[in-house]
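Work through the following exercises with the sequence and the coordinates at hand, and compare each of your steps with the solution given.

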Amino acid sequence: MLRCAQHDTIRCLYILLGRYDNMFNLHDHPHRRYNPLADEWVLVSPHRMKRPWQGRVENPPVDKRPPHDSTCYLCPGNERAGGKRNPAYTGTYVFDNDFAALLPDVPAAGTFAVGELLHARSERGICRVVCYSPRHDLTMADLDVGAIRAVIDTWAAQTVELGAHPDIGYVQVFENRGVLMGASNPHPHGQIWATQSLPQFVAREQATQMAYFARHGRTLLGDYLAIELERAERLVEANEHFVALVPFWAVWPFETLVISRRPAPSLPALTGAERDGLADLLKRLITRYDALFATMLPFSMGFHQQPTDGADHPEWHLHAHFYPPLLRSATVRKFMVGFEMLGEPQRDITPEQAAERLRAARR
Ligand code: H2U
Ligand code: ZN
């Protein structure tokens, strides 16, 4: 019973001896993996990836951008779509989003309810845009580590500034990179949306981290990182302060999770040395990503950190999610459709294979 067609005798012996924690081989058989951070499942179908990797690299789209583009609304000195003019900035530059999804002055505590089933609440917030560099032609991977450190300091300072506002309960730092992910402009930039409520994905992570911390007195991601460091099969990049890995429960083919070695709760809580470590890790990870399909890899990325509710959150462990949509090449993307919209997310290439591909990707 313990034996399946693909298990060799040795492995079955290991199973009998309790050395293998699984009754089946995660690399051969369809299975579901649990995401303890999001409290979700993902269906993995590794048998569909048995064919060898063809390694086709398509011609990357020619991306010749000038250092300053007079038509770019993010370049220094230019007028934005909203009519305001950017200063002649030389480092990072932050401004209030001219087309903000959230506004600071909506009526307080507005609620709408019809019986049990129709509910709405007013939501206050502040949306900002963060230009990483005055240079129109660079991406974060091209910036030197010192310039990336300046971006991290800007994210941390914004988290403190926006989080101090009495109406703001959470600060979401993120970036949409590439047209495929809806980025409106190639100038290196990200966004910050600061909200009154905890957004639902963050709320879910808070609940799982809180429950885990209550049970063990350690952070969920700290314990998870220890397992990954020991097994090493899903690691992509690591330095003294941060680790990037393809999570065991990854949904997107080349999704990664960046975790701080120390369970720091937020960007502002990082020490100077940790911020330098994060800058180094982000540069190496994104450089690897761009080498994967010889293209500027599109992705959405963002940091999850503790709420800015003034309370201590020892359960919170700072991390960043990278969600690239590409599957096989610069032009073949994964679609979350069909079973994935109606049932649950599914993937073919295993997280272990994805990590191996990322470890092999070099520019
Ligand atoms: P994305 O590339 O991720 O879409 O971010 C760009 C943001 O910049 C977007 O939210 C804002 C858009 O509203 N924006 C301005 O605030 N001013 C402008 O002049 C153009 C774009
Ligand atoms: Zn520009």
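## Exercise 1: the neighbours of a strand

Strand 12 (residues 299-304) and strand 13 run antiparallel and are joined by five bridges, where strands are DSSP runs of E with at least two residues, numbered from the N terminus, and two strands pair if DSSP finds at least two bridges between them. The model is a predicted one, in which local features need pLDDT of at least 70 and side-chain atom pairs count only at pLDDT 80 or more, while totals for chains, interfaces and linings use all residues. Residues are numbered from 1 along each chain as written, chains are lettered from A and ligands numbered from 1 in the order in which they are written, and side-chain values use heavy atoms, without hydrogens and water.

Task: Which residues of strand 13 are the bridge partners of Phe303 and Ile259, and why is strand 13 largely enclosed?

Solution. Start from Phe303, whose bridge partner in strand 13 is Ala320. Next, turn to strand 11 (residues 256-260), which runs antiparallel to strand 13 and is joined to it by four bridges; here Ile259 has His319 as its partner. Finally, four of the five residues of strand 13 (residues 319-323) are buried, so the strand is largely enclosed by the rest of the structure; buried means under 20% relative accessible area, exposed over 50%, and partly exposed in between, with a 1.4 Å probe and protein chains only.

## Exercise 2: the zinc site

Task: Determine which atoms coordinate the zinc ion (ligand 2) and what geometry its site has.

Solution. Collect the donors (N, O and S atoms within 2.8 Å of the metal, or 3.2 Å for Na, K and Ca; water is not among the atoms, so sites may look incomplete): Cys72 (SG), Cys75 (SG), His136 (ND1) and His187 (ND1) lie at 2.0 to 2.3 Å. The angles among these four donor atoms are 102 to 115°, and the site is tetrahedral, a term that requires four donors with all angles between 85 and 135 degrees. His136 belongs to the loop between strand 6 (125-131) and helix 2 (145-163), and His187 to the loop between strand 7 (170-177) and strand 8 (189-195), so this pair ties together parts 51 residues apart in sequence; helices are DSSP runs of H or I with at least four residues. Both histidines, His136 and His187, are buried.

Key. Four donors count as tetrahedral if all angles lie between 85 and 135 degrees; four count as square planar and six as octahedral if opposite donors are over 155 degrees apart and all others between 65 and 115; anything else is irregular.
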